[in-house]
Amino acid sequence: MSRLLFQLPTAFSELKALYSLKFGSDAPKPVKESLHVLAAEMADMEFCYAALDKVSRSFAVVIRQLPHELRNPVCLFYLTLRGLDTIEDDMNLPLSQKTELLRNFHIECSNEKLSLKNIGDSEAYRHLILHYYKVARAFNQLDEKYQTVIKDICKKMGEGMVYFAERKVYSEADYNLYCHYVAGLVGYGLSGLFSVSGYEDERLQYQLRLSNEMGLMLQKTNIIRDYHEDLSEGRIFLPEEIWGEYAPSFHWFAENPTHTNSINCWIALTNNALQHIPSCISYLKLLKNNQVFRFCAIPQIMAFATLAEVYANPKVLRQNVKIRKGLAARYMVETTSMQQVIDAAEKALIQIESKINSAYSNCAETQKIITEIRAVLYSHNKHRWELPELIAEPETV
Ligand code: MG
């Protein structure tokens, strides 16, 4: 009984957050009909938001609270990259056709006749790309300054996807490069959109190292969390150079989830993601618009909580481990300032520290990273603007 009473305030605030997300004024209306039906009756931008709801619920929520001027550009940026990803993920497409589509998508994304049939491995993606002409028409209505940023990132990401369609992620450097292409570039693009909109400092678009790490942190968290799901679908994004030190095969971990090697390997991978957090905090400290700040901070806080959940947790090797829906809703509703980011981050750090165990050699590295994270978290110094510093990309691309 006392335990139940102790949990009640948490349960109540989570329910409240869930309610406000579901029924609040900015809440996306749940779309029941298929995109195929909606395409016929909806205006272009209306269709785009319906498509956004279908392909990403959590992103659809944070995007709606951006400053009005930025909402459509960010929504269309997301759908453009989703279009690319739909092509990349379709394993039934012949390689030559796939690479051609990926290379040309930065031109095709404004083609008002574009309709690709039978591409995409789920219904929502297939219908998005089938009715892509609606996204293209909305895209062409955007101010040119936004179109330029989106096309530039689409071109770079398409080239990166081609590069990895032809080879595997093997080394740690490959892993960082793949995550740069599919997520770090999203960070570049968002910083670009924020800068050209005037809502953020003009120099934000040049903070490439920090923008890249914002994306890497989110991407790596998903990859580490989704091990079991990816394994069952035959996908491997984790670098053999790291996991190969602990096991003879990638599926060995699922068969030996509580083995010291499995736990140690997942600690090493989690450490690898945690090391991006100081840069993410520095990035968040550079933002001046509160709505842009929330948009950037909420996914970071959720990723941080996910890493804390996954840390030294053998369950992740057997099933999908996710943070509670109520907790996610609380972060979405309650993350409004740097202080809340600090509080949520500290909570995750304490959760990780409680699992540090001398039986696992990689825990020592975690302790070191935690010290670095706290130093940035509690530092009152402003992060200095950096000069543009390009991420090394292979010359063969
Ligand atoms: Mg993909």
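Which residues form one aromatic cluster together with Trp243? The members are Tyr227, Trp243, Phe250, Trp252, Phe253 and Trp266.

## About the model

This is a predicted model: local features need pLDDT of at least 70, side-chain atom pairs count only at pLDDT 80 or more, and totals for chains, interfaces and linings use all residues. Residues are numbered from 1 along each chain as its sequence is written, and side-chain values use heavy atoms, with hydrogens and water left out.

## Aromatic pairs

A pair of aromatic rings is described by the distance of the centres and the angle of the planes. Rings of Phe, Tyr and Trp (its six-membered ring) pair if their centres lie within 6.5 Å; planes under 30 degrees apart count as stacked, over 60 as edge-to-face and the rest as tilted. By this rule the count comes to 15 aromatic pairs. One of them, Tyr178 with Phe237, is stacked, with 5.8 Å centre to centre and 15 degrees between the planes. This pair links distant parts of the chain, 59 residues apart: Tyr178 is in helix H10, and Phe237 is in the loop between helix H12 (227-232) and helix H13 (240-243). Helices (H or I, at least four residues) and strands (E, at least two) are DSSP runs, numbered from the N terminus. Tyr178 counts as buried at 7% relative accessibility, while Phe237 counts as partly exposed at 23%. Buried means under 20% relative accessible area, exposed over 50%, and partly exposed in between (1.4 Å probe, protein chains only).

Tyr227 and Phe253 form an edge-to-face pair, at 6.4 Å centre to centre and with 85 degrees between the planes. Tyr227 lies in helix H12 and Phe253 in helix H14 (residues 252-255), so the pair ties together parts that are 26 residues apart in sequence. Tyr227 is buried, at 1% relative accessibility, and Phe253 is buried as well, at 0%.

## Charges over rings

A charge sits over a ring if NZ of Lys or CZ of Arg is within 6 Å of the ring centre and within 35 degrees of the ring normal. Lys134 lies over the face of Phe47, at 5.9 Å from the ring centre. The charged end of Arg167 sits over the ring of Tyr163, 3.9 Å from the centre of that ring.

## The magnesium site

Asp85 (OD), Glu88 (OE) and Asp89 (OD) coordinate the magnesium ion, at 2.1 to 2.3 Å. Donors are N, O and S atoms within 2.8 Å of the metal (3.2 Å for Na, K and Ca); water is not among the atoms, so sites may look incomplete. The spacing of the donor residues in sequence is D-x2-E-D.

Asp85 and Asp89 are separated by about one helical turn because they are four residues apart in helix H5 (residues 68-89). Asp85 counts as buried, at 17% relative accessibility, whereas Asp89 counts as partly exposed, at 29%.

Tyr199 lies in the loop between helix H10 (172-197) and helix H11 (208-225). Tyr199 is partly exposed, with a relative accessible area of 30%. Not counting residues up to four places away in sequence, Tyr199 touches Pro67, Glu69, Leu70, Phe194, Lys288, Asn289 and Val292; contact means heavy atoms within 4.5 Å. Asn290 is 91 residues from Tyr199 along the chain, and their C-alpha atoms are separated by 9.8 Å.

Ile150 is in helix H9 (residues 144-165) and is buried, with a relative accessible area of 0%. Beyond four places in sequence, the contacts of Ile150 include Pro73, Leu76, Phe77 and Thr80. Ser282, in helix H16 (residues 277-286), is buried, with a relative accessible area of 11%. Ser282 touches Leu210, Val376 and His383, not counting residues up to four places away in sequence.
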